[in-house]
Amino acid sequence: MDPNYSDRSRDRRIEDLSNLWLIHPAARALLPFAVRHGISANAVSIAGLVLGAVAAICFSGWPDFTFVTLGLLFSIGWLVADGLDGMIARATGTASPLGRILDGLCDHGVFGFLYVSMAISIGTVEAWVLAWGAAAVHAVQSSLYEGERARYHRRLRGDPLPPPPLPSKNPLVRAHEAVAASLDRPAALFDAHLAGSRDPGRLIERYGREAARPMKLLALLSANVRVIALYLACLAGKPMLFWWFGIVPLSAVALAGILWHRAAERLSMR
């Protein structure tokens, strides 16, 4: 097993550099204070949502450098909170399905604020159409990225396949599950191979080495990269470039990364 995978939650090989050197160290520095004062993970998630909403308001003043920079700083605060809530949950043994759902809703909520505030600030029909289109693409990309990352970390832990989701009458939930299942089927070949392996430790080590590269590429779909892209687009005075960046280059990254991940699985089984 890779020595960097010591906390059983994240593999440093696939982390964004801003997480490694800024976001996670800041969250770890705040963790003792939060635990000592009984601050819950859910409270931190909500605080992150507030910070993200303030960042969205600041970014909407994009013609002014000061507001854009404030937007970046508040976004960093939100990202730190987004990392801290999970650390608190693991440190205090309070991780729960509700907490994971709340964390996800807060993350999506922040980008909802960002997309809407930027569309309002531009105020054209084109901006609104582009914002809604980019938001839809973003939702799909994030779902795919989180699924691939969870799959990668689960395999490094040697955990069995998660149980199938309970049937839902909600059409949006069913659509999400259908998208996830479309990726699960081709990926299941490696999981079956791992389950029947006589030397799972060696297989996991090789898989981690091969799959780390496509997962590193998929890390470009992270919230950190999107925040930097928004900041640069606003500095350039062309905030709609942020949406085009999400629709075109990041869609190509998602497709290439997933195909590369499947190829890494096949290579690991040889």
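**View 1. Helix α8 covers residues 223-235.** This helix has 13 residues and reaches 18 Å from its first C-alpha to its last, close to the 18 Å expected at 1.5 Å a residue. Helices here are DSSP runs (H or I, at least four residues), numbered from the N terminus, and the expected span is 1.5 Å times one less than the number of residues. After α8 comes G237, with a positive phi near 75°. Keep in mind that this is a predicted model: local features need pLDDT of at least 70, side-chain atom pairs count only at pLDDT 80 or more, and totals for chains, interfaces and linings use all residues. Residues are numbered from 1 along each chain as its sequence is written, and side-chain values use heavy atoms, leaving out hydrogens and water.

**View 2. Some residues of α8 are buried.** Among them are V225, L230 and Y231. Buried means under 20% relative accessible area, exposed over 50%, and partly exposed in between (1.4 Å probe, protein chains only). C234 counts as buried because its relative accessibility is 2%. I228, also in α8, counts as partly exposed because its value is 42%.

**View 3. Helix α2 covers residues 41-59.** Its 19 residues reach 27 Å from the first C-alpha to the last, close to the 27 Å expected. Buried residues of α2 include A41, G48 and F59. Which side of the cut-off does C58 fall on, buried or exposed? C58 is buried, because its relative accessible area is 9%. How many disulfides does the structure hold? The count is 0 (a disulfide is a pair of cysteine sulfur atoms within 2.5 Å).

Definitions and conventions. Helix = DSSP H or I, 4+ residues; strand = E, 2+ residues; numbered from the N terminus.
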